[in-house]
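Subject: Model for your files

Hello,

Here is the model we spoke about.

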Amino acid sequence: MNTPSASLAQLVPGMIGMILVGSSVTVSHTLVDAPLFTTQAVRYLAATVILVLLARLAGVRPVWPRGREWLWLTGLAVTGLVLFNVAVVRGVAHAEPAVIAVAVACVPLVLGVVGPLLEGRRPSRQVLIAAPVVMAGAVLVEGTGRTDAAGVAWAGLALGCEAAFTLLAVPVLARHTPWGVSIHATWIGGVLLAVLGLPLEGPTAVREVTASQWAAAGYLTLMVTAVAFVLWYSTVRAVGAGRAGLLTGIAPLAAAVAGAVSGTGMPGPSVWVGIAVVIVGLVMGLRPQPVPAVAVSPTPSPANPLPSNLTSPLDASGPYL
């Protein structure tokens with residue numbers, strides 16, 4: 001049985017990863033006018049190099065994908081890296097940024113339902129109850145905004161891509177580890193973005209990136225890609241996609257705090273209420289569950305060494321939540 005401290009230790013990497021993602025929102029605004037595909041291609045390819053070096057320092061030797069793993073990892077890169085960036089950039093042309101953020105706030109519910117199914121388990125009732133609470137808090141933090149039909153479609157695509165970033169990693173995490181999944185996702189995504197960037201933005205687009213934009217891209221490369229990816233997948237592997245999905249509610253909180261620190265002003269009352277609601281949802285969904293006590297016969301007979309209410313030694317571990 002996981003103790004509360006052990007459970008918290010498994011959640012901390014994902015928490016830090018979401019804080020890094022949320023705090024990067026302010027930095028990302030610097031890249032609005034930069035060549036999208038070229039800048040992101042450089043970001044992910046550079047992150048691949050950093051991840052390989054860090055993995056070697058950590059004593060990890062990533063393995064090469066085989067068979068269906070290519071489909072999972074390529075799908076992860078196409079949706080979670082390439083299409084997600086396109087959906088966000090194109091979406092804000094038809095909708096206010098809050099609309100995209102509200103769509104992404106639905107990720108905890110999607111992961112809470114689909115994640116356990118991919119892992120061969122039933123969705124946790126605890127997570128399913130907490131997910132809408134986290135979503136509601138995130139909506140209060142981000143606010144709402146104006147949009148049109150195209151904006152709604154781009155927001156829906158952003159939601160699907162954000163969920164796919166986690167769900168498509170589940171089948172390959174066991175063999176490739178968080179390091180391997182992060183490395184393969186970034187190099188595949190970087191290559192795909194470079195292939196798109198050459199014909200759409202031209203081979204000289206890299207010269208259009210300013211010094212401040214390179215600095216922003218550098219921060220995203222190191223902290224949001226190389227570091228946050230590994231931290232996030234570590235928590236997904238440890239606690240499952242459903243419970244980990246609740247942690248995505250931390251990202252808008254971190255974005256609000258980062259915005260206040262950067263001088264955009266203190267959050268309004270609705271933001272503070274939203275932060276409180278998210279915290280309540282996280283506590284509801286992530287608190288450790290006690291294992292039901294099982295009465296054990298003090299003198300089991302050799303013919304029946306287990307209590308009558310158990311069918312195998314595995315039953316004594318209780319349900320996984």
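Rings of Phe, Tyr and Trp (its six-membered ring) are taken as a pair if their centres lie within 6.5 Å; planes under 30 degrees apart count as stacked, over 60 as edge-to-face and the rest as tilted. By this rule there are five aromatic pairs. In one of them, Trp 64 and Trp 70 have ring centres 5.7 Å apart and planes at 75 degrees, so the pair is edge-to-face. The rings of Trp 70 and Trp 187 are also edge-to-face, because their centres are 6.3 Å apart and their planes stand at 85 degrees. Trp 70 lies in helix 3 (residues 69-91) and Trp 187 in helix 8 (residues 170-201), so this pair ties together parts that are 117 residues apart in sequence. Helices here are DSSP runs of H or I, at least four residues long, numbered from the N terminus. Trp 64, Trp 70 and Trp 187 form one aromatic cluster.

The model is predicted: local features need pLDDT of at least 70, side-chain atom pairs count only at pLDDT 80 or more, and totals for chains, interfaces and linings use all residues. Residues are numbered from 1 along each chain as its sequence is written, and side-chain values use heavy atoms, with hydrogens and water left out.

For accessibility, buried means under 20% relative accessible area, exposed over 50%, and partly exposed in between (1.4 Å probe, protein chains only). Trp 64 is exposed at 57%, while Trp 70 is partly exposed at 28% and Trp 187 partly exposed at 24%.

With a disulfide defined as a pair of cysteine sulfur atoms within 2.5 Å, the count is zero. Cys 106 is partly exposed at 26%; Cys 161 is buried at 2%.

Regards

Conventions: Helix = DSSP H or I, 4+ residues; strand = E, 2+ residues; numbered from the N terminus.
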